[in-house]
Structures are given as structure tokens and as C-alpha cells.
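Please have a look at the sequence and the model below. A short tour of some features follows them.

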Amino acid sequence: MKILPKGKAWRTEYVVQYQGFWLNPTVALKGVLLVQDHFKARATDIILSAFMKCGTTWLRSLMFATANRSRFDLSTHPLLKTGPHDCFPLLDTYIYQGDSITHLELLPSPRLFASHMALDLFPKSVLASGCKFVYICRDPKDVLISKWHFMNKLRAKELAPLSLPEAYELFCQGVSECGPFWDHVLGYWKASLELPDKILFLKYEDMKREPSVHLKRLAKFMGQPFSMEEEKKGLVEEIVKLCSFENLSNLEVNKAGIQHFSDQLIIENRHFFRKGQIGDWENHLTEEMKDRIDRITEQKLKGSGLTLGASPLP
């Protein structure tokens, strides 16, 4: 801890740089070290991963509802009474609570996990296990604005609010929890090209535009494709509706509930639901700020074959 580089944090006083990524020293770093030393992946595991504020709350709901569609009736579904983050654990924080390492071993297969860890931070044994990753990315300009709003709600009371110009500069420099953003995205993108049957790479904008199309793609990747009968009954659309921003954000559990990730990280569920829109950055960034992020994105992704934002329609 004494020798790790430090940078200004968005939620707390500072973050530290570990193996190329900026992490909260009391929460994220602890989780990463325990995952690296103790997490034993199974071939049947599916890990939902993303940089912060890219759509994990939504994808978590869709994955849980899809994987358990034969167990629960949609009219009395657990998501109606339980926050999406209670559906399956955030590996980064769950692993250091109580006897959680032992509990992980006791969870029945197939296990679902969520994570904000960069792929390079996972031990090589995870990919070698044959497990699967579902990764979702988003336009960095929307990520910046969403994360800035979110982190200010969680920011330590003894610290002054983080201004947008401050957050913008830190983001462009790559200094933000789990960042740099572009390195995080590229790690999963390149791996998805090499292992397309093990890493599904999704875009938030594509999911918003055609949720049913991408839900069917997600279900197939998870090894639980929708049958013709399920599609004819409209089950795909029903799950999309159940997990929609409009539905989840208006549920009482997501208005008044609390998510206890750890003793240091307790978040009100309502903070996970702000707008769920594409292009909200236009209400906050100047043209100059927008152009700078676009230039950084172009430079970082050059030669990778990846473009961010919505994919061109065929």
C-alpha cells in the first residue's frame, strides 16, 4: 500500500494504482487480491462484467430472469420484491464478507457473478476454467456523466462534492475507480475476439435499441436459448418489460431499499436508477469537452476494430 501510486478518488479521498488499474484501497483492492488468491472458477460459471455505470444493473436483472425463467412466474417474480443486486453477488465485495470464500464453494452450479474488475486483474485460472463472461460497454461520455452523478451521491460527507470539470479531467487521465475506462473495455474486447464462445461483448446502446434481439443472443450464449414455444408466447418481451428501467425504477424495493455490499459500502437502491438514457452527456459537456473524449477514444481504440456507441444497422 505504501508504494502503490495514488490518485484523487471520486467517492473517497484517494485511489491506488494496482497492476495498471485504479482501485479503492479499502474495498476494490481487497476484493481483487482475494479473487486473485482464492477464487476458484468453474466451467459453468457466468460472470457479468463491466466498467462502472455501463448497464450492469439492467443486465443483472435480464440474466437472472433468463436463467431462472422456469422457476419463477413473472407475476410474482423475485425482482418485484428484491433489488437486482441481490439476485447474484458482486464478486469484488462478496468475497471478503465473513466466510464468503467458503460460501462461494457451496453455491450450486451454474453460479452467476457480477464484477467491475478488468479482465487483466482476474487470475489466468479463471479463463482457463472454461467459464464465461458477459461484458457490456457504453459511450464513455455517458459513462462519465452517470458515474459523476453516482459517485457524488456516495461521496464521503467530509469531502467537498466533486465538480464536473474535476471528474472530467480525472476521467480523461484514466484516474477513476476501475479505470482507465478504455483499458478496461479493450481488455474484454480483444479477449472476445479470441474467445467468442467464452466472452460475449455487448453494447448498451444496441441493447437499448433492440432489447429482445440481444436478450435472445444473451440467452443462447448462457446455454439457455429461448424455445420457439417461449418466443411465440411472448416470454422474451415479457422479460424485457419486467427488467426495463421504467418498471424496475418504480418498484418500492428500488425506491426505498438498501444494498449492503460491505461495511464500507452501503448504497440506497434508488441511486442505481437515474435516467437510463443514451446521450445525456449532451446536457452536461461542452463541444470542446466532447471532442477531447472522442479524440482519446479514437486514439485508444485505433486498430482494435472496436467502435463505441450504437453499432451500424445492417
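Here is a report on salt bridges, a pocket, a helix and some backbone details.

## About the model

This is a predicted model, in which local features need pLDDT of at least 70 and side-chain atom pairs count only at pLDDT 80 or more, while totals for chains, interfaces and linings use all residues. Residues are numbered from 1 along each chain as its sequence is written, and side-chain values use heavy atoms, with hydrogens and water left out.

Helices (H or I, at least four residues) and strands (E, at least two) are DSSP runs, numbered from the N terminus. Buried stands for under 20% relative accessible area and exposed for over 50%, with partly exposed in between (1.4 Å probe, protein chains only).

## Salt bridges across the chain

Let us start with the charged pairs. A salt bridge here is a side-chain nitrogen of Lys or Arg within 4 Å of a carboxyl oxygen of Asp or Glu. The count by this rule is eleven salt bridges. One of them joins Arg69 to Glu230, with 2.9 Å between the closest N and O atoms. Arg69 sits in the loop between helix H2 (56-67) and helix H3 (91-94), and Glu230 in helix H11 (residues 228-232), so this pair ties together parts that are 161 residues apart in sequence. Arg69 and Glu230 are both buried.

Asp294 takes part in a salt bridge with Lys141, where the closest N and O atoms are 2.8 Å apart. This pair also links distant parts of the chain, with Asp294 in helix H15 (residues 287-301) and Lys141 in helix H6 (residues 140-154), 153 residues apart. Asp294 is partly exposed at 26% relative accessibility, whereas Lys141 is buried at 6% relative accessible area. Asp294 also meets Lys290 in a salt bridge (3.3 Å, N to O). Asp294 and Lys290 are four residues apart in helix H15, so about one helical turn separates them. A network of salt bridges links Asp139, Lys141, Lys290, Asp291 and Asp294.

A pocket is found on a 1 Å grid over the protein atoms alone: it is an open set of points where a 1.4 Å probe fits, with protein on both sides within 12 Å along at least five of seven lines, and its lining residues have an atom within 4 Å of a point. Grid points are joined across faces, edges and corners, and a volume is the space filled by probe spheres set on the points. The second largest pocket holds about 590 Å³ of space. It is lined by 31 residues, and Cys87, Phe88, Pro89, Arg111 and Leu112 are the closest to its centre. H2, H3 and strand E8 (258-262) are the elements that give two or more residues to this lining, and E8 gives the most, with three residues.

By class, the lining of this pocket has 16 nonpolar, nine polar and six charged residues. Here Ala, Val, Leu, Ile, Met, Phe, Trp, Tyr, Cys and Pro count as nonpolar, Asp, Glu, Lys and Arg as charged, and the others, Gly among them, as polar. Leu112 belongs to strand E5 (residues 112-115) and is buried, with a relative accessible area of 13%. Counting contact as heavy atoms within 4.5 Å, and leaving out residues up to four places away in sequence, Leu112 touches Ile46, Met63, Phe64, Ala67, Phe88, Pro89 and Met222.

## One face of helix H12

Which residues of helix H12 (residues 235-242) are buried? They are Leu235, Val236, Ile239, Val240 and Leu242. Viewed down the axis of H12, the buried residues fall within an arc of 165°, so they line one face of the helix. The arc is that of the directions from the helix axis to the C-beta atoms. The cover over the buried residues of H12 includes H2, helix H10 (211-221), H11 and helix H13 (245-249).

## Backbone details

Most residues other than glycine have a negative phi, and most peptide bonds are trans. The peptide bond from Ser109 to Pro110 is cis, with omega near -5°, and Pro110 lies in the loop between helix H4 (100-106) and E5. Gly179 and Pro180 are likewise joined by a cis peptide bond, with omega about 10°.

Cys178 is not a glycine, yet has a positive phi of about 80°. Cys178 is in the loop between H7 and H8 and is buried, with a relative accessible area of 8%. Lys53 has a positive phi too, near 65°, and is buried at 15% relative accessible area.
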